[in-house]
Amino acid sequence: MNAIDPIFSTATRTARLRQMIVGNELEFMMEAHNGLSARIVREAGFKAIWGSGLAISAQYGVRDNNEASWTQVVDTLEFMADASDLPILLDGDTGYGNFNNVRRLVRKLEQRGIAGVCIEDKQFPKTNSFIDGERQPLAEIDEFCGKIKAGKDSQSDDNFSIVARVEALIAGWGMDEALRRAEAYRQAGADAILIHSKLSRPDEILAFAREWAGRGPLVIVPTKYYSTPTDVFRKAGISVVIWANHLIRVAASSMQAVAKEIHDSETLVNVEDRIASVNEIFRLQDADEYSAAEKMYLSGSQAPGAAVVLAASRGTGLEPLTEDRPKVMLPVAGKPLLRWLVDAFKKQSINDITVVGGYQAKAIDTAGIKLVLNEQYAQTGELASLACAADGLHTDTVIAYGDLLFRSYILRDLLESDAPFSVVVDSSLTTESNRSVRDFAYCSAADDRDLFGQKVLLRHVSSKGQEPAAGQAQAPHGRWIGLLNVRGEGRERLQKLLAELRTRDDFNTLDMPALLNALVAAGEEIEVKYVHGHWRGVNDLDDFRRAGDFAHTQTPFAVGGTDAEEAR
Ligand code: SPV
Ligand code: MG
């Protein structure tokens with residue numbers, strides 16, 4: 001069977017394990033020893049997991065002598081139960097102590113979603129049955145029956161199963177003793193008997209099953225008599241076969257082979273195609289589920305991954321300060337203008353930042369950015385600069401003027417837009433700040449808090465427009481601050497449009513407002529995010545001074561500087 005029966009998988013884990021134990025079919029359990037192997041067991045189609053003491057010890061690199069503490073075992077089981085929804089039957093050794101330890105173990109296993117436990121009639125600390133079996137002391141029958149009863153009395157889910165494991169054949173005490181013990185354990189309340197043998201043939205197991213004559217479910221572990229055809233177990237009336245250690249063994253042999261190969265050859269080339277791919281490991285870890293959840297729950301996770309900053313011009317009005325550097329490298333409150341912008345992008349997890357330089361580009365600090373050059377900066381405009389970076393528009397991208405300072409929420413809010421195109425427009429037209437910014441925006445509706453949440457679209461941007469006179473009929477709705485967010489399919493459409501504009505004779509004179517207007521003319525909807533102040537464009541010396549004041553209010557522990565005109 002490869003797929004888990006969907007009806008079967010809707011029952012609780014305890015109910016499923018119990019059904020396997022008491023049902024009439026021969027059932028199989030596969031060993032797992034950590035979350036990954038538990039998941040692999042499930043994917044292979046098994047209906048239940050054997051939490052092998054040997055394998056769990058081995059994956060920790062310790063012996064099967066209760067060297068791993070019982071709480072470490074229970075913690076491991078928790079990973080297994082999380083990684084797989086199969087019922088897990090824990091190999092609980094001797095119950096890690098007396099009746100009281102069994103009671104606590106059962107309660108803790110139920111809390112962690114484990115469906116049952118198998119306890120064996122040896123003494124704590126135990127040794128693996130295949131190591132000097134004869135020398136291993138067995139528990140007193142009555143004492144062991146007390147453990148079974150204590151376990152059954154402390155389970156809160158009726159379907160939690162306790163399997164009693166008889167070690168009499170392992171210890172060389174003979175068939176009669178094995179049967180006597182099994183019967184006592186059955187009467188004490190065990191849900192099944194695990195009869196264990198270390199012989200390479202199934203003879204004593206089959207003899208036991210005959211004598212047992214169906215008094216209750218029997219479980220076997222054919223590690224040593226592995227060559228026995230499985231049908232023999234079926235005919236003998238066995239209920240469950242446990243493949244007890246095969247995943248830890250294959251893990252060991254694979255790791256040995258690959259480690260040796262890599263060590264000896266000093267290359268990965270011989271092994272790469274013969275081992276699980278890294279992607280397969282991601283799949284087994286359910287990485288896709290994480291990505292889906294991230295989109296749902298992690299704010300900012302949908303942020304565009306890239307930014308393009310236009311920084312090629314020297315800027316008119318600042319000539320005295322820009323002899324040896326472009327405007328974006330002017331220091332504002334202790335760091336260059338460009339660095340403020342780059343830091344703002346990084347704060348929103350945008351790390352792929354392309355700066356288009358031109359004038360004095362060699363003075364641009366390239367830490368954390370990619371610099372591309374518009375060699376023709378002196379004869380060309382903003383669109384020619386954008387075109388230098390347009391080929392790199394391989395993800396959602398914010399296009400920004402380089403001479404811009406803003407409060408971080410402005411970028412964050414812009415990034416929340418799902419629209420293919422969105423821009424930030426400042427509706428505070430009458431303030432002193434940003435007078436020099438002449439990209440006036442005309443929109444489908446004015447900024448109005450009563451219309452909060454309503455979609456507003458850009459209609460037109462008049463570049464280097466005249467300052468609107470008060471009461472003017474066609475007054476603009478604000479200033480475009482110089483941020484354009486391009487998402488999803490918008491990128492390709494922008495690239496296509498840019499390619500078309502490139503064929504125009506006046507391409508070299510075109511600026512960003514021309515691009516926005518061309519987008520609108522092409523039928524694109526450009527969503528408007530209104531703000532009211534909280535940003536500065538830097539176009540002249542006056543702006544430069546204001547930018548310093550503005551930036552100071554953004555630096556940690558800055559005092560003063562609340563901007564009264566923007567405190568609306
Ligand atoms: C285990 O898997 O740890 C078992 C089975 O107890 S065996 O190793 O065969 O004893
Ligand atoms: Mg064991």
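A polar contact here is a pair of N or O atoms within 3.5 Å; within protein, one must be able to donate a hydrogen and the other to accept it, and residues adjacent in sequence count only if both atoms are side-chain atoms. With that in hand, look at ligand 1: one of its oxygen atoms is 2.7 Å from a polar side-chain atom of aspartate 91. Before going on, keep in mind that this is a predicted model, where local features need pLDDT of at least 70 and side-chain atom pairs count only at pLDDT 80 or more, while totals for chains, interfaces and linings use all residues. Residues are numbered from 1 along each chain as its sequence is written, chains are lettered from A and ligands numbered from 1 in the order in which they are written, and side-chain values use heavy atoms, with hydrogens and water left out.

Back to the ligand. Asparagine 128 also brings a polar side-chain atom to 3.1 Å from an oxygen atom of ligand 1, and glycine 53 has a polar backbone atom 3.2 Å from an oxygen of ligand 1. Of the 280 Å² of accessible area that ligand 1 has on its own, the protein covers 100% (Shrake-Rupley method, 1.4 Å probe; for residues, only the protein chains shown count as cover). The residues around ligand 1, meaning those with a heavy atom within 4 Å of it, include Trp50, Ser52, Leu54, Phe130, Arg165, His196 and Val221. By class, this shell has five nonpolar, five polar and two charged residues; Ala, Val, Leu, Ile, Met, Phe, Trp, Tyr, Cys and Pro count as nonpolar, Asp, Glu, Lys and Arg as charged, and the others, Gly among them, as polar.

The grid has 1 Å spacing over the protein atoms alone: a cavity is a set of points where a 1.4 Å probe fits but cannot get out, a pocket is an open set with protein on both sides within 12 Å along at least five of seven lines, and lining residues have an atom within 4 Å of a point. Points are joined across faces, edges and corners, and a volume is the space filled by probe spheres set on them. Two cavities of 30 Å³ or more turn up in the whole structure. The largest, at about 150 Å³, is the space taken by ligand 1 (a molecule sits in a cavity or pocket if more than half of its atoms lie within 2 Å of its grid points). Its lining has 16 residues, with Leu54, Asn128, Arg165, His196 and Ala244 nearest the centre.

The second largest cavity has about 80 Å³. Gly53, Ser57, Val73, Asp93 and Tyr96 lie nearest its centre, out of 14 lining residues.

The largest pocket holds about 910 Å³ of space. It is lined by 35 residues, and Ser313, Lys327, Glu382, Asp403 and Asn539 are the closest to its centre. That lining divides into 14 nonpolar, 12 polar and nine charged residues.

Finally, two backbone details. Most residues other than glycine have a negative phi, and most peptide bonds are trans. The bond from phenylalanine 124 to proline 125 is cis, with omega near -5°, and aspartate 286 has a positive phi of about 65°.
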